[in-house]
Amino acid sequence: MSNSSSRRGDAAQSADRLGSSLKPRHITMISIAGVIGAGLFVGSANAIEKAGPAVLISYAMAGTLVVLVMRMLGEMATADPDTGSFSVYADRALGRWAGFSVGWLYWWFWVLVIPVEATAAAAILTDLIGGAQWIWALAVTIALTVTNLVSVGNYGESEFWFALNHGPRHRGVHHRRNPRHLRADPGFGVSGLHHLWEPDGFMPNGFGAVIAGLLVTMFSFMGTEIVTIAAAESPDPKRGITKAVNSVIWRISLFYLGSIFVVVALMPYDRLDDGSYQSVLEAIGLPGSALIMDLVILTAVASCLNSALYTASRMLYSLGSRRDAPQAVRSLTGNGVPWVAVLASMIVGFLAVIGNYVLPDKIFGYLLATSGAVALFVYLSVSASQLVLGRALRARGERPPVRMWLFPYLTVVVMAFIVGVLVLMAFDDEQREAIGLSVLSAVVIVSIGIVVHRRRRQPDAADPREPVHQGSPGS
């Protein structure tokens, strides 16, 4: 057996030891929750402020990129599901250093999501109920950690109800933004779609602002790929992944393009002071609009925090299975939950929560910026891995349930587009710090990965999964 085949077998065995209690409805809702994140509610106003109504182009470009990346990831995941997902595929396609680097960068990204979401949830709960923010942040983090520790089914059930809750609420808000409701308020004065080109035209700040909006919207989509990680813990991962990948187009079209279209069509882009959705609800005159949005955002934040703990722990477990993390993280409960990986991710994440309150804002901002471009690094690794593995699949005549369109040409176009966005970030004043620190963190992690795996190729420090062949049978 080749080294790559050996790695594949080991990774598969490790994945098989995890629980498999996620149901089809869990996978469906996890895929929806990955799209309707807090970034949709919080980040959209910033993007609209930059690009005006032309933010629709920004969302369309970012959404198209995510659809294509999910298509590539879906091809690899349906051919061989694994809880390490794109980190495992980078390992097989590009080398051990790549799987190591992408896995650790992705874990770091989600660990830093924990303090951001815990703090956001704590701020909302403090406003609604009262009490110290740090107590709420601790309570929310512990509650969702317990949920993740009990069983993977508990995580799936939590995400099911979170998504079921903020999905209909989001659609309800969408319904209330119907022009008939807006016309019912004589003080609002809205009719038709004229705000798409008024007061300053469809593209008031030029195409450069559309690109700036693209850089903001790009990171709202991070989390869509979680379904390929979660599906590995379901009885029929290929079916779950296929369904999620095939539905990503309508989910992005409905929840992002559809809702943002209604917002910019029915309100002047320069009047979205309190966030795009809340501004529309207030303009309608809906009683308690601020409370409604607080509850919607709280649900989305809790969902994101739940997913952050789950995703970070599964990626850490996968890294341990490939000997790229301490072996303790492979410890499982009787229900197949990697409890050490869950606790390790929670502890590091909660230390960052404490840092958010203790460290000066600028220092904590630098910490967050180290993962600012990780989404694009992950997308680039998915594209590069699929370019290599896709050719191997086709050479063997295999046809997984999901196949990338126009392979390999569209894959190469996606890679070029991602590199272009990274270059644009370097020239954008608001994104320069994020790209600089993200590249620095990536260089550090990649360097560590190269050194570690170069040493493992030495006969005296061989990877225990890959025996050194020196004249042995089959070498």
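User: In this predicted model, what share of the contacts in the protein chain with a separation of 6 or more comes from residues 24 or more positions apart?
Analyst: The model is predicted. Here, contact means heavy atoms within 4.5 Å. Count the contacts in the protein chain with a separation of 6 or more; the share from residues 24 or more positions apart is 81%.

User: How many helices and how many strands does the protein chain have?
Analyst: The protein chain has 475 residues, and buried residues make up 57% of them. Its secondary structure comes to zero strands and 19 helices.

User: Is helix α6 mostly buried or exposed, and what span between its end C-alpha atoms does the model show?
Analyst: Of the 33 residues of α6, 26 are buried, so the helix is largely enclosed by the rest of the structure. At 1.5 Å a residue, α6 should span 48 Å. The distance between its end C-alpha atoms agrees: 48 Å.

User: How many aromatic pairs are found, and how are the rings of F86 and Y106 arranged?
Analyst: The whole structure holds five aromatic pairs. In one of them, the rings of F86 and Y106 have centres 4.6 Å apart. Their planes stand at 85 degrees, and over 60 counts as edge-to-face. So the pair of F86 and Y106 is edge-to-face.

User: Which helices does the pair of F86 and Y106 link?
Analyst: The two residues are 20 residues apart, and the pair links distant parts of the chain. F86 is buried, with a relative accessible area of 1%, and Y106 is buried at 0%. F86 lies in α5 (residues 85-94) and Y106 in α6 (residues 96-128), so the helices are α5 and α6.

User: How are the rings of F109 and W110 arranged, and which residues form one aromatic cluster?
Analyst: The ring centres of F109 and W110 are 5.2 Å apart and the planes are at 90 degrees, so this pair is edge-to-face. Both F109 and W110 are buried. The cluster consists of F86, Y106, F109 and W110.

User: Which residue has its charged end over the ring of F407?
Analyst: A charge must be within 6 Å of the ring centre to count. Here the distance is 4.1 Å. The residue is R394.

User: Are helices α10 and α18 roughly parallel or roughly perpendicular?
Analyst: Helix α10 (residues 207-217) and helix α18 (residues 409-427) pack with their axes 11 Å apart, at an angle of about 105 degrees. Their contact is made by I211, L214 and L215 of α10 and F417, V421, L424 and M425 of α18. Angles of 65 to 115 degrees count as roughly perpendicular. So α10 and α18 are roughly perpendicular.

User: How far is V140 from N306 in space, C-alpha to C-alpha?
Analyst: V140 sits in helix α7 (residues 133-150) and counts as buried at 15% relative accessibility. Beyond its neighbours within four places in sequence, V140 is in contact with A121, L125 and L305. V140 and N306 are 166 residues apart in sequence, and their distance in space is 9.6 Å.

How values were computed
Residues numbered from 1 in each chain as written. Predicted model: local features only at pLDDT ≥ 70, side-chain atom pairs only at ≥ 80, totals over all residues. Heavy atoms only, no water. Phe/Tyr/Trp six-rings, centres within 6.5 Å; stacked < 30°, edge-to-face > 60°. Helix = DSSP H or I, 4+ residues; strand = E, 2+ residues; numbered from the N terminus. Buried < 20%, exposed > 50% of the residue type's maximum accessible area, 1.4 Å probe, protein only. Lys NZ or Arg CZ within 6 Å of the ring centre and 35° of its normal. Expected span 1.5 Å × (residues − 1). Axes fitted to C-alpha atoms, helices over the stretch in contact; angles between N-to-C directions. Parallel < 35°, antiparallel > 145°, perpendicular 65-115°, else oblique.
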